[in-house]
Amino acid sequence: METVSFVIPCYRSQETLGSVVQEIADTMGGLPAYRYEIVLVNDCSPDGTFSEIQSLAEHFPCIVGVDLARNFGQHAALMAGFRQARGDIIVCLDDDGQTPADEVGKLLEKLQQGYDVVYASYTNKQHSGFRNWGSRVNSKMTEVMLGKPKDLAVTSYFAMRRFVMAEMLRYEHCYPYVIGLVLRTTQKICNVEVHHRARAVGTSGYTLRKLLTLWMNGFTSFSVKPLRMATYFGAVTAGCGFLYLLYIVARYFVDHTAPMGWSSTMAILLLLGGVILLVLGLIGEYVGRIFMCVNAAPQYVVRQIVTSERQESIT
């Protein structure tokens with residue numbers, strides 16, 4: 001009998017977490033071929049989320065609660081949950097009830113067909129227009145930067161074999177990006193369609209700044225393509241500048257009265273200056289991340305772990 005570990009990063013989910021846990025318990029009760037546990041990671045939520053986790057741990061015998069010392073982000077919270085998971089299969093889903101835990105059987109069935117990772121895909125996403133736009137941009141960028149198959153949809157609801165998680169946990173640097181870790185581990189990945197629900201309470205915690213930070217984490221941690229693109233862009237710009245130089249020289253000999261415009265000169269200087277600053281900023285981003293990793297900045301810091309049997313502090 002295989003064990004399924006549900007890993008759920010939690011943030012501002014005091015009102016929704018109980019129903020998510022209850023739905024998991026009801027669903028797994030109908031799947032006698034599996035045992036299960038639920039790992040709830042509180043990403044330093046400002047509301048009573050961890051108090052709710054403690055309460056759930058008293059009523060459900062299969063819950064592990066992890067309390068992070070500060071807000072590290074969804075992907076770091078997932079990594080913290082992975083290190084507590086003991087299952088043969090790991091299922092990740094959201095804490096707001098939008099990802100249907102009652103359809104986890106579809107993901108488990110696909111895994112039994114020989115896949116290593118199964119992502120849920122949605123025919124009609126119930127996110128806001130901003131989140132849907134962000135998902136589309138992220139999908140296109142992961143295709144270009146990380147080599148994601150074009151027909152593969154990656155979402156926050158997925159199931160994977162334990163060996164995939166074990167390989168992901170070998171990554172100990174301070175900028176984890178779960179999608180990149182999955183894509184570099186295996187190619188046996190597929191989708192299965194599930195229903196996506198509308199959010200019952202609250203709004204998404206992802207702002208434009210957080211989305212940009214997440215994308216930068218992924219692409220600078222798992223790909224050097226941004227640097228190569230900067231090199232290509234610099235080469236094209238230099239080529240255009242050389243052609244313009246030939247044009248200026250030719251025009252001087254053909255038309256001696258041709259004015260040498262201040263505006264065009266300033267435009268070229270601003271363009272080249274902008275390109276140089278852009279490339280330097282990109283290089284600085286990579287150097288800064290190397291610096292943070294060399295200084296052993298943590299992925300996350302655990303303040304406390306709570307289980308149904310005990311509550312202990314981590315020092």
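## A buried charged pair

In this predicted model, E143 and K148 are both buried. Their side chains meet in a salt bridge, with N and O 3.8 Å apart.

## Other salt bridges

The structure holds eight salt bridges. One of them joins D102 and R197, whose closest N and O atoms are 3.2 Å apart. D102 lies in the loop between β4 (89-92) and α4 (104-112), while R197 lies in the loop between β7 (189-194) and α8 (208-222), so this pair ties together parts that are 95 residues apart in sequence. D102 has a relative accessibility of 42% and therefore counts as partly exposed. R197 is also partly exposed, at 23%.

Another salt bridge is formed by the side chains of R170 and E167, at 2.6 Å from N to O. R170 is exposed, because its relative accessible area of 61% is over 50%. E167, at 26% relative accessibility, counts as partly exposed.

## Helix α2

Helix α2 spans residues 49-59, and its buried residues are T49, F50, I53, L56 and A57. Seen down the helix axis, these residues fall within an arc of 115°, so they line one face of α2. An α-helix has 3.6 residues a turn, so residues three or four places apart point the same way. E58 and H59 are exposed on the other side of α2.

The buried residues of α2 pack against several elements of the structure. The strands among them are β1 (2-10), β2 (34-42), β3 (63-68) and β8 (302-307). Helix α1 (17-29) is also a packing partner of these residues.

## Helix α3

Helix α3 covers residues 74-82, and eight of its nine residues are buried, so the helix is largely enclosed by the rest of the structure. The buried residues are H75, A76, A77, L78, M79, A80, G81 and F82.

The structure holds one aromatic pair. Its members are Y119 and F158, with ring centres 5.1 Å apart and 35° between the planes, and the pair is classed as tilted. Y119 lies in strand β5 (residues 117-122) and F158 in strand β6 (residues 158-161), so the pair ties together parts that are 39 residues apart in sequence.

## The surroundings of Q299

Q299 lies in the loop between α10 (262-294) and β8. At 6% relative accessibility, Q299 counts as buried, because that value is under 20%. The side chain of Q299 is joined to the side chain of R83 by a polar contact of 3.5 Å. A polar atom of the Q299 side chain also lies 2.9 Å from the backbone oxygen of H173.

Residues up to four places away in sequence aside, Q299 touches F72, A76, M79, R83, Y171, E172, H173, C174 and P176. Two of these residues, A76 and M79, are among the buried residues of α3.

D67 is placed in strand β3, one of the elements against which the buried residues of α2 pack. D67 is buried, with a relative accessible area of 6%. The side chains of D67 and N42 make a polar contact of 2.7 Å.

With neighbours within four places in sequence left aside, D67 is in contact with N42, F50, V301, V302, R303 and Q304. F50 is one of the buried residues of helix α2.

Methods: Residues are numbered from 1 along each chain as its sequence is written. This is a predicted model: local features need pLDDT of at least 70, side-chain atom pairs count only at pLDDT 80 or more; totals for chains, interfaces and linings use all residues. Side-chain values use heavy atoms; hydrogens and water are left out. A salt bridge is a side-chain nitrogen of Lys or Arg within 4 Å of a carboxyl oxygen of Asp or Glu. Helices (H or I, at least four residues) and strands (E, at least two) are DSSP runs, numbered from the N terminus. Buried means under 20% relative accessible area, exposed over 50%, partly exposed in between (1.4 Å probe, protein chains only). The arc is that of the directions from the helix axis to the C-beta atoms. Contact means heavy atoms within 4.5 Å. Rings of Phe, Tyr and Trp (its six-membered ring) pair if their centres lie within 6.5 Å; planes under 30 degrees apart count as stacked, over 60 as edge-to-face and the rest as tilted. A polar contact is a pair of N or O atoms within 3.5 Å; within protein, one must be able to donate a hydrogen and the other to accept it, and residues adjacent in sequence count only if both atoms are side-chain atoms.
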